[in-house]
Amino acid sequence: MTAHLIEETLSSEEVFRGVFFHITRDRVRLSDGHETVREYIKHPGAVAIVALTDAGQIVMEHQYRHPVGKVFLEIPAGKLDPAEPPLACAQRELLEETGYQAARWQHLGTIHPCIGYADEHIEIFLARSLTKTERQLDDGELLDVVELSFDGVLASVMQGAITDAKTISALFFAERALRQGF
């Protein structure tokens, strides 16, 4: 039904190879026969975690994000290492960034946050039955961990105080899972 929308890649070249991601330029043929260029970021993928304490608080982070020049309130997240399973990455990132380990994990879904210019996918997890240990931040990783009520975080989204797309999407998934009794 949508096959007429598929583009044929005629050539592909890597135009930038960075530490974190790469930029690719493809020449494509559209289904109407015209040719055009598509430039996009090749991203290794990531995870994001809605970590819920036994008291019903969400573990959140304040972190400075250089591309937009401000501190954001967001959920713990991080990029996948090569060949790393998403659950292992989520467990590693939660421990590194917050010092929490979780006994219960549920995969909630996948999002593609920037489909117009990146192939990034983020696997969303809900983590419950948390145990607090010591954080293991990566070098150069600076963030503050806070615990906030679920309703308060949702209100912050509705008021425009939380604008991070992965956090907003993950909260939507988590709210549904919690209503269903996970």
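**View 1. Overview of the predicted protein chain.** This is a predicted model, in which local features need pLDDT of at least 70 and side-chain atom pairs count only at pLDDT 80 or more, while totals for chains, interfaces and linings use all residues. Residues are numbered from 1 along each chain as its sequence is written, and side-chain values use heavy atoms, with hydrogens and water left out. The protein chain holds three helices and 10 strands, where helices (H or I, at least four residues) and strands (E, at least two) are DSSP runs numbered from the N terminus. Read from the N terminus, the order of the elements is β-β-β-β-β-β-β-α-β-β-β-α-α. The C-alpha trace spans about 60 × 40 × 30 Å along its principal axes.

**View 2. The open sheet of S1, S2 and S3.** Three strands, in the order S1-S2-S3, form an open sheet with antiparallel pairing; two strands are said to pair if DSSP finds at least two bridges between them. Strand S1 (8–17) and S3 stand at the edges with a single partner strand each, so one side of each is left without a neighbour in the sheet. From one strand to the next the twist averages 20 degrees. Strands of a sheet pair through backbone hydrogen bonds, either parallel or antiparallel.

**View 3. The hairpin of S2 and S3.** Strand S2 (residues 22–29) pairs with strand S3 (residues 35–42) in the antiparallel sense, over eight bridges, and Lys-42 in S3 stands opposite His-22. Five residues lie between the strands of this hairpin, in which Gly-33 takes a positive phi near 95 degrees.

**View 4. The hairpin of S5 and S6.** Strand S5 (residues 57–65) and strand S6 (residues 70–74) run antiparallel and are joined by five bridges, and Glu-74 in S6 is the bridge partner of Glu-61. The hairpin has four residues between its strands, and Gly-69 takes a positive phi near 65 degrees there.

**View 5. The surroundings of Trp-105.** Trp-105 lies in strand S8 (residues 100–111). Leaving aside neighbours within four places in sequence, Trp-105 is in contact with Ile-49, Leu-87, Ala-90, Gln-91, Leu-94, Phe-125, Leu-126, Ala-127 and Phe-182, contact meaning heavy atoms within 4.5 Å. The side chain of Trp-105 also reaches the backbone oxygen of Ala-102, at 3.1 Å. Asp-144, by comparison, is 39 residues from Trp-105 in sequence and 23 Å away in space, C-alpha to C-alpha.

**View 6. The crossing of H2 and H3.** The axes of helix H2 (residues 150–158) and helix H3 (residues 165–179) come within 11 Å and cross at roughly 140 degrees; the axes are lines fitted to C-alpha atoms, for helices over the stretch in contact, and angles run from 0 to 180 degrees between N-to-C directions. H2 and H3 are therefore oblique to each other, since angles under 35 degrees count as roughly parallel, over 145 as roughly antiparallel, 65 to 115 as roughly perpendicular and the rest as oblique. Phe-150, Val-153, Leu-154 and Val-157 in H2 meet Ile-168, Leu-171, Ala-174, Glu-175 and Leu-178 in H3.

Definitions and conventions: Polar contact = N/O pair within 3.5 Å; in protein donor to acceptor, adjacent residues only side chain to side chain.
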